[in-house]
Amino acid sequence: MVQKYTSPVRIYKYPFELVMKAYERRFPICPQMPIVLDCSVIHDIETENGAKRETKRYCKLAVDAPYLFKKMIGIDVAFFFQTNFLDMRARTLNIEATNETFSSRVEIFEKCRYYVHPDNPNWTCFDQTATLDIKNFFGFEHSLEKWGMKQYTQTILKGKEIIEFFIEELKNEGITHVDKWVDPPGYVAPTETPAVEEKKENQEGSNNSASNNANSEEKSLSEFLDADYILKYLGQLSPLQESRLVQLRQKLEESEVKKYPDYPTLLRFLRARDFSIEKSYTMLVDSLKWREEHRVDHLLDEYRMPSVLTKHFPGGWHDFDKDGRPLYILRLGHMDVKGLLKSIGEDGLLKLTLHICEEGLKKMQEQTNREEKPIWSWCLLVDLEGLSMRHLWRPGVKALLRIIEVVEQNYPETMGRVLIVRAPRVFPILWTIVSAFIHENTRQKFLFFGGPDCLHIEDGLEHYMPVEKIPDFLGGPCTTLIHEGGLVPKSLYRNESMDEHDGSHHDHSGLYQTINLTAGQIFELMIKNNDPKSVITWDFDCTKADVLFTVYHTDKELPNDLGDSYSSIFDLSGFEEGVNYTKVEQTITCHPKESCQGSHEMMSHGTYILQWQLPPGSTTGAQLMYFYEILSSANYKGSMTSLQSAMSIASSQQSR
């Protein structure tokens, strides 16, 4: 079992020589590192007239492990060898440490470096790596691995603090400057071997290149991933998370990837895969290939929004939430999903979504620079007023699921919070279908407001948005430029059907069925239910005349065919309302050119009847175009019980 830990670069804003003088005060012991009980010098050799120094120490460390663990392995202390290679002329210190205790069972190798910052000769860089190779340890391999990580964490957290402490101590003693190494007069340093000279020239060339390419302190720090950069641009990370971040970047550098993402992007992919380097790397490489294939990096410059979207898409950016995140508002309930898809197609809607995501990345970076704190996610407010079953049109759901899949794969951990406001009773059905495709980490960021008033309630919207920025259509004082949406004129539809364009087979005529109703005629659909808590959904339009719609339930056995389209099933003998059949959804009137959608949770066995008929006294016939679907109880999990009672998931709704 091998574990590797890599730290980001720590930067001391002090010259190398002063840092070295502070470093020497760590030995043989220092109060800030009580785990180090003693360090004795085995040998200390100076060469090249004092410019180089090799120091080897034998160190005794307290075993900071649980009492039972220490008793079972029989030790309270562990011994390590530490060798320092100091080169004052080159201004470098390389440190190697290996364990003596249990070395046949466990190999611990730690390597640290102090060196001059390539862009600022008055600053000193520090980095370290540690490898823990557990071959056999009495069955305590996992416990030892956790202990090793704890020791590494303590070293990381204390290292810079200790140097800073001793530099402050030197200042109090009046020591604020240490001269750089200068060879004595007449001394000629030994000539380097060709291999060493080549390595040195390459290192100097690399340093000069880094200096020339660093246009600002911010860029330089980001390249080195030092502690200040992490705190300012990434936030608080554990040493293990920092290590995984560095290792992922190194893995990319060793691969054939041409363009490396910035550290915030690497961090998002790591978080999306629980900081697994292999899983994050695979996800990230796939995403980079996808971006190149679809020219996503050029989207902000090349994308031109179609006029149908500028006039009918009800979404846009709107200020920031209380945590400083860019806020995007989408009035989904006002969106004509069918009209937009028939106008620009599924690919057009996906491209719009990607453009919004790219805008979000840009706005987050700008906000991070303004706030001087990490803002690497954005907030989405979704207004569901007007949401109905027409939004569950199959091609629309298919497009939505594809969009979710693409965004989840390529923009992980960019959604900080999702505010769902004015969610109607029909929303749980849409949520049940969609939520299975949303990563659990993202689902946990959803907040739901089910009533019409999302302000004057406990934990209302004002807790997440500045009150003065709450839009007027939600009861706030702020006017927005977000379009209200509305129906897309059919004149903007493509000549070919959307389904011909995207290769699917969910065209309007195939999805809906049509029936003509004459005066006095009744049309009933009988749905036998053997799956309690399954959900029936419906969507229908009518033309020429009003149509009445009702939903009933009965436990009584029904004949297969009445043979009379002017009679109801309930006209048969033995049927009595309230006794052996009940009305489970109140009668509504659907007017011509209206769409009526709804749903009902079928709590019982038996038969549910959807009934359409013309109102009494009608003299004009009507054309009915309808669609219904059953969602099984296995797929519908009632995940939104906070928005409605369990008895009736949704009532019929009308939308003009």
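This is a predicted model: local features need pLDDT of at least 70, side-chain atom pairs count only at pLDDT 80 or more; totals for chains, interfaces and linings use all residues.
Residues are numbered from 1 along each chain as its sequence is written, and side-chain values use heavy atoms, leaving out hydrogens and water.

About 1,200 Å³ of space lies in this second largest pocket; a volume is the space filled by probe spheres set on the points, with grid points joined across faces, edges and corners. Which helix gives the largest share of the lining? Helix 13 does, with nine residues. By class, the lining has 33 nonpolar, seven polar and five charged residues. In this scheme Ala, Val, Leu, Ile, Met, Phe, Trp, Tyr, Cys and Pro are nonpolar, Asp, Glu, Lys and Arg are charged, and the others, Gly among them, are polar.

Now to helix packing. Two packed helices are described by the angle between their axes and the distance between the axes. Helices are DSSP runs (H or I, at least four residues), strands are runs of E (at least two), and both are numbered from the N terminus. Axes are lines fitted to C-alpha atoms, for helices over the stretch in contact, and angles run from 0 to 180 degrees between N-to-C directions.

| Helix pair | Angle | Axis distance |
|---|---|---|
| Helix 6 (residues 227-234) and helix 8 (residues 263-272) | about 70 degrees | 11 Å |
| Helix 9 (residues 277-293) and helix 13 | roughly 115 degrees | within 9 Å |

Helix 6 and helix 8 are therefore roughly perpendicular to each other, a label for angles of 65 to 115 degrees. Their contact (heavy atoms within 4.5 Å) involves Y229, Y233 and L234 of helix 6 with Y263, P264, L267 and R271 of helix 8. Six of these contact residues are nonpolar, none is polar and one is charged.

Helix 9 meets helix 13 through M283, S287 and W290 on one side and V406, E408, Q409 and N410 on the other. That contact has three nonpolar, three polar and one charged residues.

Is helix 1 (residues 16-24) largely enclosed or open? Seven of its nine residues are buried, so helix 1 is largely enclosed by the rest of the structure. Buried means under 20% relative accessible area, exposed means over 50%, and partly exposed lies in between (1.4 Å probe, protein chains only). F16 and Y23 are among the buried residues of helix 1.

Finally, look at the backbone. Most residues other than glycine have a negative phi, and most peptide bonds are trans. A cis peptide bond, with omega about 0 degrees, joins F27 and P28; P28 sits in the loop between helix 1 and strand 3 (36-47). E48 has a positive phi near 50 degrees and is partly exposed at 21% relative accessibility. R91 also has a positive phi, about 60 degrees, and counts as buried at 10% relative accessibility.

Definitions and conventions
Angles under 35 degrees count as roughly parallel, over 145 as roughly antiparallel, 65 to 115 as roughly perpendicular and the rest as oblique. On a 1 Å grid over the protein atoms alone, a cavity is a set of points where a 1.4 Å probe fits but cannot get out, and a pocket is an open set with protein on both sides within 12 Å along at least five of seven lines; lining residues have an atom within 4 Å of a point.
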